[in-house]
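Here is a quick tour of one protein chain. Have a look at the model first, then follow along section by section.

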Amino acid sequence: MTTSSGQPASSLPPHFAYQNQRLMAENLPLDRLAREHGTPLFVYSRAAILEALAAYQRGLAGRAHLICYAMKANSSLAILQTLVRAGCGLDIVSGGELDRALAAGAEPSKVIFSGVGKTRAEMRQALTAGIGCFNVESRAELDVLDEVARDMGLRAPVSVRVNPNVDARTHPYISTGLKGNKFGIAHEEVISTYRHAATCQGLRVVGIDCHIGSQITQTAPYLDAMDRVLDLVQAIEGEGVTIEHIDFGGGLGIDYQDDAPPEADTLWAQLLQRMDARGFGDRKIFIEPGRSLVGNAGVCLTEVLYLKPGEHKNFLIVDAAMNDLPRPAMYQAFHRIVPLTPREGEPTTWDVVGPVCESGDWIGRDRALAVQQGDLLAVLSAGAYCMSMASNYNTRGRAAEVLVDGEDAILIRARETAADQLRTERALPAV
């Protein structure tokens with residue numbers, strides 16, 4: 001089955017479809033939003049976000065659990081509010097993200113603080129706010145947190161992040177569960193770390209944490225990691241240290257290029273079956289999905305500036321760049337690229353590139369597109385790790401963002417200007 005654009009129907013994420021030769025987000029034509037707000041423009045479907053969340057909620061129904069959205073995937077305030085209002089907690093990795101979480105209305109007790117390099121100031125900020133848990137990633141961090149909490153007359157709730165040495169079978173830059181990665185405490189050091197944490201007056205052990213990577217498309221790595229974590233829970237509690245919750249992180253992938261990750265509810269049915277079989281079915285479960293909640297819910301709209309045919313390569317130059325869409329330059333990542341209004345005629349093979357002065361500024365290689373100068377394109381599956389990693393390289397303003405809800409569109413971030421960027425800078429005194 002194909003759409004009216006000639007694109008396979010399966011290539012379009014949920015809640016994006018062609019109607020009368022126009023690409024729609026829910027009930028709104030994307031070309032209209034591009035005209036109203038300019039390009040580059042990120043557009044998100046609220047229904048797609050909530051549908052992705054519902055799969056996790058179904059999978060964990062009837063179990064004691066907390067779903068904490070990993071906000072590094074996309075920390076735009078309206079996205080956070082959408083998920084918080086739907087019952088999510090938030091997983092943060094910085095003091096700035098804590099400020100955003102609280103501004104979005106998150107309950108502090110539903111905030112988890114992850115990351116390998118928490119500062120003392122960030123620890124104090126999180127303790128003052130009363131967050132639910134620190135996911136601690138090294139013995140040194142454990143000791144600093146203990147000291148900070150004692151100085152404040154508090155006890156910090158902690159969970160130790162385990163590095164289980166499980167291969168997530170994903171890109172090496174987003175693998176986090178192998179011995180060669182910087183994350184977590186080595187499997188063989190976990191028990192002694194928990195013994196030590198239990199003696200620290202400023203700490204209160206509440207859980208155990210494991211996160212093995214991102215864009216995982218197979219079930220086996222999750223099952224392997226779960227078995228190793230449950231073995232550790234058994235051993236830790238054998239030492240007299242109680243584990244209240246088990247945190248299995250996130251990492252479930254999405255369909256970028258004919259990827260076939262398991263559905264969240266299907267995955268959790270298998271994981272819960274394993275937990276039940278091993279006698280841990282009564283434990284509270286924490287998870288931290290990010291990309292799988294927002295990745296397919298967003299597109300980036302961009303205008304074709306120039307067509308530049310060449311002897312060896314044809315270049316299609318658009319107004320979106322690596323500062324807007326960093327994943328291709330950073331991870332050699334694939335994003336589907338489709339026209340907002342398809343054209344008749346034979347397509348030409350193009351490298352889709354941006355205007356930034358770097359050879360690494362590309363959006364897609366070898367794409368068959370029938371286009372003309374001035375056409376509008378959509379870069380699909382751009383809801384995660386795009387706007388959250390956007391920069392001002394070449395003094396380019398960050399793009400505007402719009403959230404679509406049925407027939408309504410809300411501007412959730414105004415386009416950044418050069419004046420916005422210069423506001424915090426200071427020029428030298430006049431000579």
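This is a predicted model: local features need pLDDT of at least 70, side-chain atom pairs count only at pLDDT 80 or more; totals for chains, interfaces and linings use all residues.

## Overall build

How many helices and strands does the chain have? There are twelve helices and 21 strands, taken as DSSP runs (H or I of at least four residues for helices, E of at least two for strands) and numbered from the N terminus. Residues are numbered from 1 along each chain as its sequence is written, and side-chain values use heavy atoms, with hydrogens and water left out.

Buried residues make up 54% of the 431; buried means under 20% relative accessible area, exposed over 50%, partly exposed in between, with a 1.4 Å probe and protein chains only. Of the contacts (heavy atoms within 4.5 Å) with a separation of 6 or more, 69% come from residues 24 or more positions apart.

## The nonpolar cores

A nonpolar core here is a set of buried Ala, Val, Leu, Ile, Met, Phe, Trp, Tyr and Cys residues joined through side-chain atoms within 4.5 Å. The largest one has 99 residues, and Tyr 69, Phe 134 and Ile 208 touch the most other members. Helix H8 gives the most to this core, with nine residues. Apart from it lies another core of 20 residues, among them Ala 34, Val 43, Leu 340 and Leu 380.

Phe 134 is worth a click: leaving aside neighbours within four places in sequence, its contacts include Phe 113, Met 123, Leu 145 and Pro 157.

## Helix H9, one face in

Helix H9 covers residues 264-277. At 1.5 Å a residue its 14 residues should span 20 Å, and the end C-alpha atoms are 20 Å apart, which agrees; the expected span is 1.5 Å times one less than the number of residues. Its buried residues are Ala 264, Leu 267, Trp 268, Leu 271, Leu 272 and Met 275.

The face turned away carries the exposed residues Gln 273 and Ala 277. After H9 comes Gly 279, with a positive phi near 85°.

## Strand pairings

Strands count as paired if DSSP finds at least two bridges between them. Five of the six residues of strand E5 (65-70) are buried, so E5 is largely enclosed by the rest of the structure. E5 pairs in the parallel sense with E13 over three bridges, with Ile 67 opposite Ile 287. Three bridges also join E5 to strand E6 (89-92), again parallel, and there Ala 70 has Asp 91 as its bridge partner.

Elsewhere, three strands form an open antiparallel sheet in the order E1-E2-E3. E1 (16-19) and E3 (28-29) stand at the edges with a single partner strand each, so one side of each is left without a neighbour in the sheet.

Most residues other than glycine have a negative phi, and most peptide bonds are trans. Against that background, Thr 39 and Pro 40 are joined by a cis peptide bond, with omega about -5°. Pro 40 lies in the loop between helix H1 (30-37) and strand E4 (41-45).

Ser 381 has a positive phi of about 55° although it is not a glycine. Its place is the loop between strand E19 (376-379) and strand E20 (400-405), and Ser 381 is buried, at 3% relative accessible area. Tyr 385 also has a positive phi of about 55°, is found in the loop between E19 and E20, and counts as buried at 12%.
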